Amino acid sequence: MLVVDRSRFPSDVLSTHFVWPHGASYLNRLGILDQVRAVTPAHTNVTVVNNGISLRGSVPDELLRNQFRLLHDDDSGITTDYFSIRRHVLDKMLVDNAVQAGVEFREGYTVKELLRDEDGTVIGIKGRDGTVEHAQVVIGADGRNSFVARALGVEKFDERPRCTFAYWSYFSGIPDREAQIHRRGRLGMAMASTNNGQTMVLTWGPSEWAAEFRADVEGNFHRALGLISEEAADTVAGAQREERFYGTLDQAAYLRQLHGPGWVLVGDAASFKDQCTALGITHALRDAELAAESVGRWLGGETDRDTAMAGYAAKRRSQTAAAYYDYVCTLAEMKPLRHDELQLFAILRGNQAEIDRFIATHVDVAPVSEFFDPSNVFLLNDTAKESSLDHSAFADFEATYREHQRNPFLRVEAEAAR
């Protein structure tokens with residue numbers, strides 16, 4: 001097996017680099033989880049805060065096992081840990097692991113052309129240096145700007161242009177702690193411990209506010225934190241920023257055809273979703289294992305190529321996957337939370353099993369359709385105590401909702417022009 005990459009390792013890449021428990025489980029199945037844990041803080045519980053309504057929970061082991069049995073008929077290596085590992089750390093581990101397993105790896109290698117036979121089947125690659133490599137299958141794991149997809153003319157479909165912008169950096173002086181994810185109005189933020197004693201702090205909002213935010217990235221970064229969580233803003237204000245701010249503006253979602261004669265797409269090359277649920281790496285690891293299983297069955301003689309690839313596509317494009325794609329794309333619009341949505345979060349307080357199931361649903365471990373099914377929401381409402389709605393999020397709700405519709409960064413721009 002040959003793996004090529006135009007980068008040289010270790011190297012960094014713009015990425016949320018958050019790995020949820022199912023992603024950590026895939027790394028465990030690859031045999032590198034202990035290496036990750038040795039250099040990266042790991043946790044189980046996460047706190048999700050919506051307009052001040054705080055829910056703390058974890059992804060249940062049982063739901064993780066159910067997912068792996070459905071996808072792989074195998075639930076070995078499951079862990080409920082999550083972590084936020086920098087890409088220059090993780091990618092080097094993955095490369096070294098592949099080489100130790102017998103993979104030939106060429107870094108700094110740029111693919112110039114896909115080779116095809118007279119029927120159009122992909123049969124290999126040609127590098128910019130003129131080298132030619134033949135293959136029974138070419139797997140495009142080359143991101144949202146996939147060369148493989150472009151070279152084959154694989155078009156995007158079901159595109160969702162409404163998305164978030166996001167800016168983040170790394171801070172020292174913040175103690176290692178469980179990750180926290182906040183949402184208030186049309187803004188979101190997250191904090192997660194990462195490598196070298198640093199904490200990644202991320203803030204995001206609707207893409208239509210991006211231009212005003214960019215006018216003063218550092219000032220608006222801290223302003224956004226203050227609007228979302230005063231406690232988080234104070235924590236970051238007392239810390240030391242160690243790197244520049246990183247940002248991404250175009251996170252429009254799309255789907256692509258997953259396979260064809262002699263080729264397969266995985267990860268962001270196959271489908272891209274907004275960063276607001278931080279599932280890019282986890283889904284890429286899932287796709288890699290699913291594709292490897294399907295290709296292995298074909299090359300091992302268990303089935304023919306078309307049947308094997310159809311099996312990969314069926315698991316990747318299930319009804320559950322479609323529902324989750326819609327869920328993330330809706331979240332990415334960053335509309336202010338409705339009264340009934342806040343009511344649901346308020347009702348969940350005190351019901352740990354349902355909090356955990358919500359978190360599992362949010363990160364694509366449990367089906368969206370089951371948690372948000374009207375009968376389940378009705379049951380939660382029916383069993384909730386009236387006191388569950390005694391929260392500041394419901395005070396002057398209409399006025400607050402209107403205020404959350406306004407772009408707060410316009411004011412900063414106007415003040416700076418005076």
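Strand β16 (198-206) gives the largest share of the lining of the largest cavity, 3 residues. Strands here are DSSP runs of E, at least two residues long, numbered from the N terminus. A cavity is a set of points on a 1 Å grid over the protein atoms alone where a 1.4 Å probe fits but cannot get out, and lining residues have an atom within 4 Å of a point.

This is a predicted model, in which local features need pLDDT of at least 70, side-chain atom pairs count only at pLDDT 80 or more, and totals for chains, interfaces and linings use all residues. Residues are numbered from 1 along each chain as its sequence is written, and side-chain values use heavy atoms, without hydrogens and water.

Stay with the largest cavity. Its volume is about 140 Å³, meaning the space filled by probe spheres set on the points, with grid points joined across faces, edges and corners. The lining has 15 residues, and Phe18, Ile181, Ala190, Leu202 and Ala278 lie nearest the centre. β15 (187-193) and β16 each supply at least two lining residues. Domain 1 (117-143 + 251-334) and domain 2 (164-248) both contribute to this lining, so the cavity lies between them. The domain bounds come from an automatic or database domain assignment.

Now turn to the second largest cavity. Its volume is about 40 Å³. The residues that line it include Pro41, His43, Arg177 and Glu178. β6 (82-84) and β15 each give two or more residues to this lining. β6 gives the most, with 3 residues.

In the whole structure, the search finds 3 cavities of 30 Å³ or more.

Conventions: 1 Å grid on protein atoms, 1.4 Å probe; cavity = no way out; pocket = protein on both sides within 12 Å on 5 of 7 lines; lining within 4 Å. Helix = DSSP H or I, 4+ residues; strand = E, 2+ residues; numbered from the N terminus.
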